[in-house]
Amino acid sequence: MSPVAVLIGPPGAGKSTVGQLLAERLGVPFTDSDTIVETQQGRAISDIFLSDGEAAFRVMEREAVAGALAEHDGVLALGGGAPMTEGVRADLDGHPVVFLAVGLAAGVRRVGLSTARPLLAGVNPRATFSALLQERLPVYRAVARHEIATDDLEPEAVADAVLAALSPEADRAGR
Ligand SMILES: Nc1ncnc2c1ncn2[C@@H]1O[C@H](COP(=O)(O)OP(=O)(O)OP(=O)(O)O)[C@@H](O)[C@H]1O
Ligand SMILES: O=C(O)C1=C[C@@H](O)[C@@H](O)[C@H](O)C1
Ligand SMILES: [Mg+2]
C-alpha cells in the first residue's frame, strides 16, 4: 500500500486544503505528515521547534513520512520543508509526487502572520518566505512528477488540476 498522491510545496501552497478535497473526491483517506508528527508527539509543531529545535523535528518528520509512504493508501501531504531532507527525497522516489507551487504575494497572503508556522514567525515573514521559495523551488521541482501553479486557482480547481495530472495517461507521459 502506498499513497495515491503525495503533495509537496511551501507553506500556504494549499497542501492540506487541496489534499483533503482530493481525498474526498477519490474516496480515500487524507493524512498530513505534520499531523502524524503532532499526534505521535502529543504536542504542536511550534512547541517541538521551540523545545527540541528544527533538526530534531526533521528527524521526526522523516520517520513520519517514511511510515506514511509505506502504509497510507490515500492522499498524503508533506510538511513544507520535508523534501529538504535528503532521506525524504530518497524515500519519495517512485511515488506520485505533485508540487503545488505558490508565488511570493499569494503565499504571504495565505499564510498571514500565523504563529503556527514557526519558520515564518520572525520579524520579516515576507523576506523569510522569499528566501525559502528560492532555496526550495529547485528541490520541489526535482522530486515532483507534476507542478501545479496555484496562485490564480481556487482550491477546487487545484484539486481538478491534480486529478488531471495524475490521470493514467498524463502520468505515463510524465506530464
Ligand atoms: N488555491 C487557493 N486559493 C486561495 N486560498 C487558498 C488556496 N489554497 C489554500 N488556500 C488557503 O491558504 C491557507 C493555507 O492553506 P493550507 O494550510 O492548505 O496550506 P499548506 O500548504 O498545507 O501549508 P503548511 O505547509 O503551512 O501546512 C488556508 O487558509 C487556505 O484556505
Ligand atoms: O516549511 C517548513 O519548513 C515547515 C512547514 C510546516 O508544514 C511544518 O512542517 C513546519 O512548520 C515546517
Ligand atoms: Mg498544511
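V111 counts as partly exposed because 19 C-beta neighbours lie inside 10 Å; a residue is buried with 20 or more other C-beta atoms within 10 Å of its own, exposed with 12 or fewer, and partly exposed in between, the C-beta atoms being placed from the backbone. The model is predicted: local features need pLDDT of at least 70 and side-chain atom pairs count only at pLDDT 80 or more, while totals for chains, interfaces and linings use all residues. Residues are numbered from 1 along each chain as its sequence is written, with chains lettered from A and ligands numbered from 1 in the order in which they are written.

V111 belongs to helix α6 (residues 104–111); helices (H or I, at least four residues) and strands (E, at least two) are DSSP runs numbered from the N terminus. The C-alpha atom of V111 is 8.9 Å from that of A13, although 98 residues separate the two along the chain.

Beyond its neighbours within four places in sequence, I8 is in contact (C-beta atoms, placed from the backbone, within 7 Å) with L78, P83, V97, F99, Y140, V143 and A144.

In helix α8, V158, A159 and V162 are buried. The buried residues of α8 fall within an arc of 100 degrees seen down its axis, so they line one face of the helix; the arc is that of the directions from the helix axis to the C-beta atoms. The elements covering these buried residues include β1 (5–8), α1 (15–26), β4 and β5 (146–149).

Notes: Two residues are in contact if their C-beta atoms, placed from the backbone, lie within 7 Å.
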